Amino acid sequence: FLTPKHVHEENKFTFAPIKEVAWLFIGIFLTMMPALGYLALHGQEFGLTRPLAYYFATGGLSAVLDNAPTYVSFLQLAQAASAAPGAAPLTVAELLVAQPQLVVAISLGAVFFGAMTYIGNGPNFMVKSIAHDAGVHCPSFFGYLFKYAVPILLPILALSGWLFL
């Protein structure tokens, strides 16, 4: 808003990509609230107990959903799953003391696997949207996934998980 209008015109700047991403994320965060409630009540039924399982499960969802809601969802799952049967979910502080490796696995899975797709990480989606709006060729969603992410990135992420978790 403070940039002179002629600079916007020369750079063909528009708010369209920002609006597109903003609407997507508003929808994601609004629709995840019921899911978090469900996870708090039924988290122990999912059977995830090991850090490596959390890493890959979090990563799988983070590849197709932004890393922030994925992180929140799996953190809620870990809080519920780590509590004593029938007890309230652990607080984040209690989880960090009782199962710090789960929090590390969730954090790494959410952040690392977000790079698997354009929608897995907000900046990826924003850059793709800006580039497309500017007429720059980018691989399609599946083109990127199958040409770069699966054959190159996925083996690196799998090896990282097995080595460090």
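Helices here are DSSP runs of H or I of at least four residues, strands are runs of E of at least two, and both are numbered from the N terminus. This is a predicted model, in which local features need pLDDT of at least 70, side-chain atom pairs count only at pLDDT 80 or more, and totals for chains, interfaces and linings use all residues. Residues are numbered from 1 along each chain as its sequence is written, and side-chain values use heavy atoms, with hydrogens and water left out.

View 1. The C-alpha trace spans about 60 × 35 × 25 Å along its principal axes. Of the 165 residues, 33% are buried, where buried means under 20% relative accessible area, exposed over 50%, and partly exposed in between (1.4 Å probe, protein chains only).

**View 2. Thr58 in helix α3.** Look for Thr58 within α3, residues 51-62. Thr58 is buried, its relative accessible area being 0%. A polar atom of the Thr58 side chain sits 2.7 Å from the backbone oxygen of Tyr54; a polar contact is a pair of N or O atoms within 3.5 Å, and within protein one must be able to donate a hydrogen and the other to accept it, with residues adjacent in sequence counting only if both atoms are side-chain atoms.

**View 3. Who touches Thr58.** Leaving out residues up to four places away in sequence, Thr58 touches Thr70, Phe74, Ile106, Gly109 and Ala110. Contact means heavy atoms within 4.5 Å. Two of these partners, Thr70 and Phe74, turn up again among the buried residues of α4.

**View 4. Helix α4 and its cover.** Helix α4 takes in residues 67-81, and its 15 residues should span 21 Å at 1.5 Å a residue; the end C-alpha atoms are 20 Å apart, which agrees. That expected span is 1.5 Å times one less than the number of residues. Most of α4 is covered, with eleven of its 15 residues buried, including Asn67, Pro69, Ser73 and Leu77. The cover over those buried residues includes α2 (16-42), α3, α5 (92-98) and α6 (100-112).

**View 5. The start of α4.** Zoom in on Asp66 here: one of its side-chain oxygens comes to within 3.2 Å of the backbone nitrogen of Ala68.
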